[in-house]
Amino acid sequence: MRSPNRLLGTVLGAVHLVVGVAGFFVPGSTSFFDRHGGLLFGLLRVNPALDVLHVLVGAALLLAALTRLRAAKAVNTIAGLIFFVVGVAGLFIVGNGANVLSLNGDDNVLHFASAAILLAVGLGVDRDVHTPVTG
């Protein structure tokens, strides 16, 4: 677990897995794509669709981190891109009818912070992981 990619995948994977699972126990969400959802930890607006996203991405991060460095690096980068896209979408859909993930400003901060850290580590460290090209 000496690699920053594996360590980060383990930590953020566990965090997003806990957030996703805990979100299923928050009262206030009446349907899968509920636009208003409930508040998790008094900050994060969640609904079952967003909870599933967090569980899937968290599990992928955790599993990849616990297997191989190359897998951790790839999944960190992909998860970073996913959270970046959700963060950008959140900037445009918060407060209107298109908000099928029940996002709020605090969700956007979580998603952008996760994206920045995952992309920085996924793209920036452990560069020697790539297979050299032989000619």
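User: Where is Ala60 found, and how are helices defined here?

Analyst: Helices are DSSP runs (H or I) of at least four residues, strands are E runs of at least two, and both are numbered from the N terminus. Ala60 is found in helix H2. The model is predicted, so local features need pLDDT of at least 70 and side-chain atom pairs count only at pLDDT 80 or more, while totals for chains, interfaces and linings use all residues. Residues are numbered from 1 along each chain as its sequence is written, and side-chain values use heavy atoms, with hydrogens and water left out.

User: Is Ala60 buried, exposed or partly exposed?

Analyst: Buried means under 20% relative accessible area, exposed means over 50%, and partly exposed is in between (1.4 Å probe, protein chains only). Ala60 has 33% relative accessibility, so Ala60 counts as partly exposed.

User: Which residues make up the largest nonpolar core?

Analyst: In soluble globular proteins, nonpolar side chains tend to be buried together. A nonpolar core is a set of buried Ala, Val, Leu, Ile, Met, Phe, Trp, Tyr and Cys residues joined through side-chain atoms within 4.5 Å. Here the largest one has 11 residues: Val19, Val26, Leu40, Leu44, Val46, Ala49, Leu50, Val86, Ile93, Leu101 and Leu103. E2, helix H2 (48–67) and H3 are the elements that give two or more residues to this core. A second, separate core of nine residues includes Leu8, Leu61, Ala79 and Ala115.

User: Which residues does Leu103 touch?

Analyst: Contact means heavy atoms within 4.5 Å. Leaving aside residues up to four places away in sequence, Leu103 touches Leu50, Val86, Gly90, Ile93, Val94, Asn108 and His111.

User: How many aromatic pairs does the structure hold?

Analyst: Rings of Phe, Tyr and Trp (its six-membered ring) pair if their centres lie within 6.5 Å; planes under 30 degrees apart count as stacked, over 60 as edge-to-face and the rest as tilted. The structure holds two such pairs. Phe32 and Phe33 form an edge-to-face pair, 4.9 Å centre to centre with 90° between the planes. Phe32 is partly exposed at 40% relative accessibility, and Phe33 is partly exposed at 44%. The ring centres of Phe84 and Phe112 are 6.0 Å apart and their planes are at 70°, so this pair is edge-to-face. Phe84 lies in helix H3 (residues 69–93) and Phe112 in helix H4 (residues 105–124), so the pair ties together parts that are 28 residues apart in sequence. Phe84 is partly exposed at 41%, and Phe112 is partly exposed at 26%.

User: What is phi of Phe41, and what is phi of Ser102?

Analyst: Most residues other than glycine have a negative phi. Phi of Phe41 is near 55°, a positive value in a residue other than glycine. Phe41 sits in the loop between strand E1 (38–40) and strand E2 (44–46), and at 58% relative accessibility Phe41 counts as exposed. Phi of Ser102 is near 55°, also positive. Ser102 is found in the loop between H3 and H4 and is buried, with a relative accessible area of 0%.
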